[in-house]
Amino acid sequence: MMQLLFPTPVFRTQLGLTDEERQVLKDKTLAVYGELNSKRKPWSRSTRESLELMDPAFAEVFARIKAVTAKAFGIDVASITGRELVQFKGDFVPPHVESAHLSAIYWIDGDAHPDHERGEHDGALVLQSPIGPFGSKALPGEERVTMVDPQPDLLLVFPSHLLHFGHVYLGERPSVEIHLEMEVL
């Protein structure tokens, strides 16, 4: 009997915000970034306070993210923490994992244009298979990495134990994102 023992659920969807709603979020996110990120690097924010507590516009988006995540994974979200991540040309996100149950990324806006066939990964998020980091051989059909191309209004939710990172961003306008961590019941 063939059995998949360690499947990794990854949920990808458009959240359905209008251009106007995303513009409001973009402006608010850039304002928080300017206030809380004096080092101007995507991962160097000075506090861990969640955006959800900073403005009702974020609270509405977080409620929507919790609802679609709960439905997709068949779970209840006990808590959610989300922070802004803003990348300018030349920025990247180093490899890491989170301590939460689920991680999510919501791309509000950006200007990435990856061309993977030419080796230009422009801001693509990489999800690393657990088989890859340990140097083991993969069977045909097993992927070591999956790349997710950033696009406005895209929500990606995945188990936080997956190693993930972002390729160097090459867009002309900033990539404005919300990165979230969720605990489940």
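Me: How do you know that β5 and β8 pair?

Reply: In this predicted model, β5 and β8 share 3 bridges, in the antiparallel sense. One of the residues involved is Val-126, whose bridge partner in β8 is Phe-165.

Me: What makes β3 and β6 edge strands?

Reply: The sheet to which they belong is open and has 4 strands, in the order β3-β8-β5-β6, with antiparallel pairing. Both β3 (93-96) and β6 have a single partner strand, so one side of each is left without a neighbour in the sheet. From one strand to the next, the twist averages 15 degrees.

Me: Why is Gln-128 called buried?

Reply: Gln-128 is found in strand β5, which covers residues 125-128. Its relative accessible area is 14%, and buried means under 20%, so Gln-128 belongs to the buried residues. Although Gln-128 and Val-145 are 17 residues apart along the chain, their C-alpha atoms are separated by 4.6 Å.

Me: How do you know that β2 and β9 pair, and which residue is the bridge partner of Val-86?

Reply: The required number is at least two bridges, and β2 and β9 have 10 of them, so the two strands count as paired, here in the antiparallel sense. The bridge partner of Val-86 is Val-176, which lies in β9.

Me: What makes the contact of Asp-19 and Arg-22 a salt bridge?

Reply: Side chains of opposite charge can pair when their charged atoms come close. For a salt bridge, a side-chain nitrogen of Lys or Arg has to be within 4 Å of a carboxyl oxygen of Asp or Glu. The N to O distance of Asp-19 and Arg-22 is 2.6 Å, so the pair meets this condition. The two residues are 3 residues apart in helix α1, which means that they are separated by about one helical turn.

Me: What does the salt bridge of Lys-28 with Asp-55 tie together?

Reply: The closest N and O atoms of Lys-28 and Asp-55 are 2.9 Å apart. Lys-28 lies in helix α1 and Asp-55 in the loop between α1 and α2, so the pair ties together parts that are 27 residues apart in sequence. Lys-28 has a relative accessible area of 28%, which falls between the limits of 20% and 50%, so Lys-28 is called partly exposed.

Me: How do you know that Arg-173 and Asp-109 form a salt bridge, and where do they lie?

Reply: Their side chains meet at 3.0 Å, N to O, and the limit is 4 Å, so this pair is a salt bridge as well. It links distant parts of the chain, with Arg-173 in the loop between β8 and β9 and Asp-109 in strand β4, 64 residues apart. Arg-173, at 35% relative accessibility, counts as partly exposed, whereas Asp-109, at 11%, counts as buried. Both belong to a network of salt bridges that also links Lys-26 and Asp-111. The structure holds 10 salt bridges.

Me: Why can Val-168 be part of a nonpolar patch?

Reply: A residue in a patch needs over 30% relative accessible area, and Val-168, partly exposed at 38%, therefore passes this limit. Val-168 sits in the loop between β8 (164-166) and β9 (175-184). Together with Trp-43, Phe-92 and Leu-170, Val-168 forms a patch on the surface with about 360 Å² of accessible area.

Note on methods: Residues numbered from 1 in each chain as written. Predicted model: local features only at pLDDT ≥ 70, side-chain atom pairs only at ≥ 80, totals over all residues. Heavy atoms only, no water. Patch = residues over 30% accessible without salt bridge, like charges linked within 9 Å, V, L, I, M, F, W, Y side chains within 5 Å. Areas by Shrake-Rupley, 256 points an atom, 1.4 Å probe, with all protein chains shown as cover. Buried < 20%, exposed > 50% of the residue type's maximum accessible area, 1.4 Å probe, protein only. Axes fitted to C-alpha atoms, helices over the stretch in contact; angles between N-to-C directions.
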